[in-house]
Amino acid sequence: MTGMNKSALLKGLMTASALALMTSLAYGDDAAKQFRTDFLDGKASWDDVKARAAEEGKINFYYWGGSDTINVWVDSVVTPALAAEDVTLNPVRITGTKDAVDLVLAEKNAGKGVGEGSVDAIWLNGENFYTMSQQDALFGSFAQKVPNSSNFDWNEDDPRSLLNLRDFGVVTNSQEIPWSGQQYVCAVNRQYVDAANTPSTFEDMKKYLEANPGKFTYVKPPHYVGNTFVQSVMYAFNPDGNGAIPFQQSIGDLGAEELARLIKPGMEYLRAIEPMLLGADGGKARYPEDIAALDGLFLNGEVHFDCKFGLYAVHTGLQTGTFPEQAEAFIFPKGLMIANKNYLAIPANSPNPASALVFANYMASVESQASKLEKAGMPVGIDIWKLAADQAAMVEKAAPKHYGVTQEELDANVAPDTNASLVDVIEATWLEYIERGSSASIEEIVAKSAKEIAQ
Amino acid sequence: MAGRKVTNTFNRLSPFQRFYLIAVAALIVGPFAPLIIQSLAFRWAWPNLLPSVWWLEQREKSPIPLAWDYVLSPYSRIYEATINTMAIGLAVTVICLAICLPAARVLARERFRGKNSFEFFLSLPLIVPEAAIGIALLMIFINLGLAGSYVGIIIAHLIPTIPYMVRMLTAVYQGLGREFEEQAMILGANRWQILRMVTLPMLMPGVVAGALFTFLVSSNIFLLTFFLGQGKIITLPTLLFSKISGGTLDASAAGITLIVSLPGIILLVISERFIKEEAFGKGFGN
């Protein structure tokens, strides 16, 4: 069942059951409400928070559980660290972040108010955060109020603070705290591709595919990894030549017509390479559903490249045997390697809000960030320039090795991600124009999608 | 003895029959072979027939537990999932029996208006798609505070198991005439003695078969558990789903798959032996 169907079904059933059951709207737990107001107004000291957290004694953390290395890190490092604060961590591994968001919204719509839900913290970003903030399902602006917020740059005048203040272009209002900073990095299998043949632009990739048909594919949108690939193509073929810049505006500011003009060449490129993608020979191009499937294709040599969010993906892949022995990262597409952060958010109806705050604060600490970097290969989400020299050295020491690229090269090719309101429209356009092979023009499709999404 | 009997029979088969027998066996056992190899592999890529690097070679070098080390570590949650699956299965079986025994007795022995439509009604839960039941129940259970609780999952598991159990027990009751119980009554037994010493022993094969089947069904329910457990309560099927939903089977996923198939195999072996040799072998009243 796809996420979209499920949420549509949920929505319908929610309305129906709300009527049928004559749900009396709950007003929420008064003590939890009071705590929320006190904390957000700055009336509760951090000691008060810790005392309440020890009383609550528990936190339900919902996160994508598809990576053994992350699972091991959470169980072996985070659990004991929180136990020291008298908080028992209950890590709930989910297959998709959307499941946790759906659960929070379903509970909210069933009348579970402040303090009465079942989710305390979610690892998320982009669309999922956007959905929760749109539905007013977040605890509030907490990120700058926890002690370890000093590890982040919140100064709006410094462009480096952008990823702390905006998540896919959506203002975070400190309703989520950065956890990890990722970059879209492609890996190449050196067994098949030597340095001279390695593409660095989308045009190069097209030439490579002409010579080696079927040896590339990308994760299928609406998966965020697929969406990100599509976005970088849109940047590269932006007819104005200014890359990511116009894609920072919301659909309301940009307008559907302008968006259609900007993405038309990119969409045409994607349609042009489709007959040369994996499996296109035998009929329809094959787009893997998620990164595990793409990794499998890469390991088996069915594709020569593997593009996903993963600054240390090669390191982790070699460590777990999921990448081929000769895998290496490479700079692609030049200057357009999308970087973003992912975050921890606290839902409005969190049953243990104080524990969730203690948890978020711990996750933002230098120690936990360095150990996550070292043991789970997850890049840090804190800002190195805000740290003391010894702390920065600790993080540097913990960083796994890069294969085939240097940190300087990666940093030099960073591009911002796309505004969340545009992501939906671009995704819908991809589905219509590429997947369904619609004969309608890009302008028509974009106008239609923008209208449907706005509703 | 049983072994020799099988060999003798096998030799008596015609070549065609032997071929089909082996083909069927290969189809059943075959999928397990790559699974076992994968569970022991570190890196197994096309076109290698066997893994290029085995888990044991990499074991000392790796900073994280690999393959079986991961599966058998607390990180994999396999113990928690096994205990949950067993406990839920057991509770569902007991409650299901408690509901279905009296119901089957009435259905087998009594006549009442609307009995036929009632029997049809009983199988309705098997016709309605699980997803529809699951989402509707989730909404109700969230209101009742049962979502994400064992009680909620057990109630949900009763829905697809009761129809099977009722049918099975009704059939057994129908095969069991009233005369045995009447006989005991004439000989002066009271109701409790009749139930304990006559009815239950004679019902035993049906009860055991029904219980094993219920347990097996309950321990394999994915969708209802997934919806109502909300990820908080993990069972073997939900654990397996979260491991393999990517469509790729790595070593730890292969190990978990093997473990998940164990309860089913053990139960099948038990039921084969018990039902054939003990219960049906002795037959009713012989």
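**Notebook: helix H12 of chain B and its two partners**

I looked up how helix H10 (residues 150–175) of chain B sits against helix H12 (residues 191–220) of chain B: the axes lie 9 Å apart, at an angle of about 160 degrees. An angle over 145 degrees counts as roughly antiparallel, so H10(B) is roughly antiparallel to H12(B). I noted this is a predicted model.

Next I checked the hand. H10(B) passes H12(B) in a right-handed crossing.

Then I listed the contact residues. From H10(B) I have His157(B), Pro160(B), Thr161(B), Tyr164(B), Met165(B), Met168(B), Leu169(B) and Val172(B). They meet Leu203(B), Gly206(B), Ala209(B), Gly210(B), Phe213(B), Thr214(B), Val217(B) and Ser218(B) of H12(B). I sorted the contact of H10(B) with H12(B) by class: 10 nonpolar, six polar and no charged residues.

**Second partner**

I moved on to helix H6 (residues 78–109) of chain B. Its axis and that of H12(B) come within 9 Å and cross at roughly 135 degrees. That makes H6(B) oblique to H12(B). I recorded a right-handed crossing for H6(B) passing H12(B).

Which residues make this contact? On H6(B) I found Thr85(B), Ile88(B), Gly89(B), Val92(B), Thr93(B), Cys96(B) and Leu97(B). On H12(B) I found Val207(B), Ala211(B), Thr214(B), Phe215(B), Ser218(B) and Ser219(B). By class, the contact of H6(B) with H12(B) gives seven nonpolar, six polar and no charged residues.

**Cross-check**

Conventions: Residues numbered from 1 in each chain as written. Chains lettered and ligands numbered in written order. Predicted model: local features only at pLDDT ≥ 70, side-chain atom pairs only at ≥ 80, totals over all residues. Axes fitted to C-alpha atoms, helices over the stretch in contact; angles between N-to-C directions. Helix = DSSP H or I, 4+ residues; strand = E, 2+ residues; numbered from the N terminus. Parallel < 35°, antiparallel > 145°, perpendicular 65-115°, else oblique. Left-handed = near helix turned anticlockwise from the far one by under 90°. Contact = placed C-beta atoms within 7 Å. Nonpolar A, V, L, I, M, F, W, Y, C, P; charged D, E, K, R; others polar.
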